[in-house]
Amino acid sequence: MTVSLKFHEGTLLLDGLSQEKLRDIFSPFIWIKDDRVNKFRTDAIHYRIARRILRQKLGENFIDKVHKPVEIRWSKVRLHEPRSDQADAVAAWRNSKGRGLIVMPTGAGKTNVALQIMAKLEMATLVVSPVRDLMYQWHRNIREGLGVDAGIIGDQLYKVSPVTVTTYHSAAIHMDKIGDKFSLLVFDEAHHLPTDFFRDAALMSTAPFRLGLTATPDRQDGGHADLDMLIGPEAYRQKLKESKHLADFYVEQIKIHLSDEERDRYDGASKAIQFWFGEKQKEKKGYNRKDLLSEANENTKARRIKKLMCLKDSIEDRAAEKIRVLEDIFRIHPNERVLVFTGTNIMAIEISRRFLAPTILSHTRKKERQAVLKGFESGEFPVLIANQVLDEGVDVPDAKIGVVLGGKASVRQATQRLGRLLRPKGASKAVLYEIVCDDTREILQSRKRRKGDAYERTRHRRL
Amino acid sequence: MLTSEHAIVDYDFRSRVAKPDRLTRMNHGRYVDLAEKMLIIYRDGAGLTRRELHRRVEYLFDDEPCNTRRISSFCKLLDDAGEYYPDGGQKAARMRLKVFRLAAKKHPLVERKQTETLFGALENEESVVKQEIADDLGLSWQEIDDLLYADVISFHRLKTPPNYATAADLLSHYNVAQTQAALYKAQSAAITADDDFKTILRHVKLCGLLHEISRLDSSTYRIQLDGPASILRNTARYGVRLAKLLPALLTCVGWTFTANVKTPWKTTARLDLSPNSGLRSHLNAPPAFDSSIEESFAEKFGEERDGWKLIREGAILHKHQKTFVPDFVFRRVDGQEMFFEIVGFWTPEYLKAKLDTLKIFSNRNILLAVCENEGALEVFKEWTDNIVPYKTGIKLAPVLEKLNSFVMSSAESR
């Protein structure tokens with residue numbers, strides 16, 4: 001009796017062995033008897049080990065029906081010589097049997113490390129990134145570095161090629177169809193992988209080789225422990241402080257004040273909100289924001305309070321003085337590239353319409369994005385405005401001036417954002433302006449931003 | 001369809017039951033009025049942006065104590081049923097690049113020149129630059145500004161209003177859509193079915209779900225549904241497929257449906273449905289008969305003849321993922337069954353597939369009616385003697401003869 005193994009919608013199906021025999025040869029036992037199809041089933045991620053054991057124990061009697069991903073011959077590889085730390089990272093990953101995590105700070109060239117590995121392996125590769133912008137950026141980097149026009153899954157496109165780029169979301173949705181098409185998975189910003197849904201992107205693939213890239217592997221929910229199983233162990237870690245390639249930079253905080261009209265609306269809203277919470281806390285001890293949000297679903301008064309809270313955020317976000325401060329920053333640095341981060345899409349568009357400067361938003365299409373980034377790099381566009389989409393790893397040319405206009409920040413976001421300014425090009429120091437409303441919640445958020453690792457080496461000044 | 005961000009589900013912790021948001025005439029009578037007003041907003045709203053339409057709907061709900069998800073769900077359903085002008089994405093993007101390139105040479109655009117300083121002379125005022133660009137492009141600045149971000153989804157303009165005929169239509173769509181949204185979190189489901197199980201099974205397969213079938217009594221079956229990876233871990237990844245099944249299921253009769261839904265607290269809750277749940281499908285009910293040959297045979301035979309009851313699609317034969325529902329079952333009072341399959345119009349592929357299926361179930365009593373044309377008869381005769389040939393309609397006499405000889409032979413073997 002022959003034993004066969006095949007790929008089925010993100011899982012492996014094994015046919016032709018009894019439970020006893022299977023238990024004899026597999027330890028730990030990875031199989032589950034599936035009575036629906038009268039076969040044994042396991043996650044596709046176990047393909048490498050399952051194939052090895054079955055070949056070893058059954059020899060000729062084992063037929064591997066799992067699709068073999070194609071091999072690739074890169075026609076024109078044009079990559080930067082790896083720096084010594086990048087070469088170390090590549091070697092460390094290979095020593096970890098081609099499964100592992102590389103932890104490097106943003107700006108230290110993780111992309112180059114991944115491209116070096118792809119160039120050497122010459123295997124069908126899927127690159128998974130958190131947002132569409134990054135996906136397109138990988139597409140560009142692969143074309144420029146490896147001379148291949150990669151397939152794209154995501155952003156309403158579905159084109160599968162031996163080298164394909166995608167997002168975590170699309171990868172999780174489609175992996176049951178494409179899980180047998182790749183030998184190497186590259187997870188960019190890999191700390192995103194261990195959610196209940198996204199992890200299917202790793203579990204449902206047969207790829208024996210896996211590379212995870214991140215600057216911040218730790219997750220608040222402890223999910224990073226699973227990266228070991230889903231990708232592999234930490235193969236290489238470069239501390240932010242050890243990096244010799246990053247430019248020093250200042251943070252300058254600029255406090256602005258709301259206009260009288262804004263202040264009136266802001267205070268009015270604050271008062272109503274305070275009153276509401278005061279009254280509610282008399283009825284129920286510890287009544288908080290969460291209670292309000294659930295009450296807002298049943299009670300129109302609570303909903304109005306919720307709206308007032310949104311209004312406060314919006315007044316902070318769109319305070320008129322921010323625009324004037326921005327104007328002054330442009331005046332101070334007329335010949336420098338300035339990168340502006342906003343908290344919301346609306347604010348980004350508002351600034352763009354005011355200063356007639358290009359934006360990169362979540363919906364910006366590939367062609368425009370490329371034109372904008374190229375124009376920014378060449379100096380054709382002196383200003384680039386972005387909302388959170390540029391938070392992670394998006395390659396922005398070596399801007400020296402950054403402006404953060406509010407926006408809710410977590411420690412990780414701050415590391416990533418500052419990373420944009422830390423590109424190892426040029427020698428002069430970068431400046432990051434933080435424009436925050438005085439006496440509002442933005443000040444608190446700004447303090448929180450400062451706790452991140454990236455801030456440790458920065459000096460703070462006040463204007 | 002809604003997204004899971006729209007879902008409003010009430011979980012009863014004691015009974016572990018999930019209840020998707022449901023608007024009923026009894027408790028939500030005022031929603032008929034609200035729905036009518038929403039339809040009016042959209043019908044009168046051609047040319048308005050998505051954002052403006054949503055604002056108006058939100059305003060309508062100002063005094064209605066409800067989850068804001070309900071409001072955004074209505075907006076989503078109305079948006080989906082209507083049509084917006086194509087975003088002219090290329091046009092807006094081209095305009096942006098053109099305008100920003102022209103403006104870049106004048107950077108920064110200041111509100112007012114600093115006339116007191118030397119630098120002021122080098123500065124460019126926003127309003128002046130904008131006017132220059134407008135003149136350059138031969139448009140008014142207002143026209144340029146309107147187009148500049150016209151591709152942002154909330155600035156899209158409504159072209160055709162949604163096609164809901166009545167307020168009741170919109171409300172029943174809402175109820176189905178909310179139940180579907182609750183099913184996105186489903187890890188598995190089970191359907192019991194009698195009359196329509198063949199149709200239900202066909203839809204199950206179309207949705208790409210795996211099934212396990214068990215017989216509850218002579219005419220009722222239980223279909224357990226989930227996906228390939230469900231056996232490895234609890235996963236809601238097949239919830240969308242279950243949600244897609246719902247509108248088709250609602251066109252059928254004689255079923256119950258129970259899904260296991262993941263709650264936000266990582267426990268599970270039951271979601272129960274049946275044709276009496278008050279949900280109405282927007283799809284049409286399936287036709288009662290596959291072909292006229294079957295229909296006329298059923299008419300000729302009647303409900304019962306010579307001690308045999310005739311039941312249309314009264315049984316599922318199943319082995320793992322292979323299922324076969326014969327067109328009819330002849331059932332005697334003592335429980336003896338003979339399955340009856342009519343092999344009608346075909347292609348060679350159809351014939352081969354049918355034969356392959358029949359071979360899997362060769363241990364069952366299956367009587368075939370095979371059309372005499374085009375060599376089909378020969379193909380099946382090679383494999384079984386249990387055949388009644390027919391030309392234009394199936395005659396009763398040869399069928400009854402086969403049935404009776406079946407009773408005799410099974411009596412002998414006993």
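Which residues are buried in helix α6 (residues 168–178) of chain A? They are Tyr168(A), Ser170(A), Ala171(A), Ala172(A), Met175(A), Asp176(A) and Ile178(A). Please keep in mind that this is a predicted model.

**Chain A as a whole**

- Chain A holds 16 helices and 20 strands.
- Of the 463 residues in chain A, 46% are buried.
- Take the contacts in chain A between residues at least 6 apart in sequence: 77% of them join residues at least 24 apart.

**Nonpolar cores**

- As a general background, nonpolar side chains tend to be buried together in soluble globular proteins.
- The largest nonpolar core has 70 residues.
- Ile102(A), Val128(A), Leu184(A), Leu185(A), Leu193(A) and Ala201(A) have the most contacts inside this core.
- The element that gives the most to this core is α5(A), with six residues.
- Another core, of 60 residues, lies apart from the largest one, and Leu23(B), Ala181(B), Ala189(B) and Ile213(B) are among its members.

**A buried loop residue**

- Leu17(A) sits in the loop between β2 (11–15) and α1 (19–25) of chain A.
- Is Leu17(A) buried or exposed? Leu17(A) is buried, because 24 other C-beta atoms lie within 10 Å.
- Setting aside neighbours within four places in sequence, Leu17(A) is in contact with Val3(A) and Leu22(A).
- Leu17(A) and Thr2(A) are 15 residues apart along the chain, and their C-alpha atoms are separated by 8.4 Å.

**Two helix pairs**

- Two packed helices are described by the angle between their axes and the distance between the axes.
- In chain A, helix α4 (residues 110–121) and helix α5 (residues 132–146) pack at an angle of about 55°, with axes 11 Å apart.
- α4(A) and α5(A) are therefore oblique to each other, and their crossing is right-handed.
- Thr111(A), Leu115(A), Met118(A) and Ala119(A) on the α4(A) side meet Asn141(A), Gly145(A) and Leu146(A) on the α5(A) side.
- The residues of this contact comprise four nonpolar, three polar and no charged.
- In chain B, helix α1 (residues 30–43) and helix α2 (residues 50–60) pack at an angle of about 160°, with axes 10 Å apart.
- α1(B) and α2(B) are therefore roughly antiparallel to each other, and they also cross in a right-handed way.
- From α1(B), Leu34(B), Lys37(B), Met38(B), Ile41(B) and Tyr42(B) meet Leu53(B), Arg56(B), Val57(B) and Leu60(B) of α2(B).
- That contact has seven nonpolar, no polar and two charged residues.

**Where the chains meet**

- How many residues of chain B are in contact with chain A? There are 32 of them, and they contact 35 residues of chain A.
- On the chain B side, α4 (89–104), β4 (109–110), α6 (141–148) and β8 (210–215) each give two or more residues.
- α4(B) gives the most to this side, with nine residues.
- By class, the chain B side has 20 nonpolar, five polar and seven charged residues.

Terms used: Residues are numbered from 1 along each chain as its sequence is written. Chains are lettered from A and ligands numbered from 1 in the order in which they are written. This is a predicted model: local features need pLDDT of at least 70, side-chain atom pairs count only at pLDDT 80 or more; totals for chains, interfaces and linings use all residues. Two residues are in contact if their C-beta atoms, placed from the backbone, lie within 7 Å. Helices (H or I, at least four residues) and strands (E, at least two) are DSSP runs, numbered from the N terminus. Ala, Val, Leu, Ile, Met, Phe, Trp, Tyr, Cys and Pro count as nonpolar, Asp, Glu, Lys and Arg as charged, and the others, Gly among them, as polar. Axes are lines fitted to C-alpha atoms, for helices over the stretch in contact, and angles run from 0 to 180 degrees between N-to-C directions. Angles under 35 degrees count as roughly parallel, over 145 as roughly antiparallel, 65 to 115 as roughly perpendicular and the rest as oblique. A crossing is left-handed if the near helix is turned anticlockwise from the far one by less than a right angle, and right-handed if clockwise. A residue is buried if 20 or more other C-beta atoms lie within 10 Å of its own, exposed if 12 or fewer, and partly exposed in between; C-beta atoms are placed from the backbone. A nonpolar core is a set of buried Ala, Val, Leu, Ile, Met, Phe, Trp, Tyr and Cys residues joined through C-beta atoms within 7 Å.
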